[in-house]
Amino acid sequence: MAVIAAPMPGIRSKLNSNQIKGFWAAWGGWCLDGMDAFIYALVLVPALTELLPKSGLTVTPGNVGYYGSVLQA
């Protein structure tokens, strides 16, 4: 039977270069994803104000909020 030793609490190993690159790639992707969501939020109301009447819907705060949240989801 194999015995697996648990890591000692408080002792950390250094990250290798691939782990560091992976961290920075994930962090950069997270930042860009947040930027995309922020830009979308800036243009949500003007875009839906123009697009809802072309879809046969009235432009009300409720419709803009509802369809904007569906699009954001």
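Reader: Why are Glu 50 and Lys 54 said to be separated by about one helical turn?

Author: Glu 50 and Lys 54 are 4 residues apart in helix α1, and therefore about one helical turn separates them. Helices here are DSSP runs of H or I with at least four residues, strands are runs of E with at least two, and both are numbered from the N terminus. The model is a predicted one, in which local features need pLDDT of at least 70 and side-chain atom pairs count only at pLDDT 80 or more, while totals for chains, interfaces and linings use all residues. Residues are numbered from 1 along each chain as its sequence is written, and side-chain values use heavy atoms, with hydrogens and water left out.

Reader: What makes the contact of Glu 50 with Lys 54 a salt bridge?

Author: The term requires a side-chain nitrogen of Lys or Arg within 4 Å of a carboxyl oxygen of Asp or Glu. The closest N and O atoms of Glu 50 and Lys 54 are 3.7 Å apart, and the pair forms a salt bridge; the structure holds 1 salt bridge. Side chains of opposite charge can pair when their charged atoms come close.

Reader: Why is Lys 54 called exposed, and why is Glu 50 called partly exposed?

Author: Buried means under 20% relative accessible area, exposed means over 50%, and partly exposed lies in between, with a 1.4 Å probe and protein chains only. Lys 54 has 65% relative accessibility and so counts as exposed, whereas Glu 50, at 48%, counts as partly exposed.

Reader: Which residues make the nonpolar surface patch?

Author: Leu 15, Ile 20, Phe 23, Trp 24, Trp 27 and Trp 30 make a nonpolar patch of about 740 Å². Patches are made of residues with over 30% relative accessible area and no salt bridge, like charges being joined within 9 Å and nonpolar side chains (Val, Leu, Ile, Met, Phe, Trp, Tyr) within 5 Å. Phe 23 is partly exposed at 45%, Trp 27 is partly exposed at 43%, and Trp 30 is exposed at 62%.

Reader: Why is the protein described as more spread out than a compact globule?

Author: The protein has 2 helices and 0 strands. Its radius of gyration is 23 Å, well over the 11 Å that the globule rule gives for 73 residues, so the protein is more spread out than a compact globule. That radius is taken over C-alpha atoms, and the rule is 2.2 Å times the number of residues to the power 0.38. Along its principal axes the C-alpha trace spans about 70 × 30 × 20 Å, and of the 73 residues 7% count as buried.

Note on methods:
Areas by Shrake-Rupley, 256 points an atom, 1.4 Å probe, with all protein chains shown as cover.
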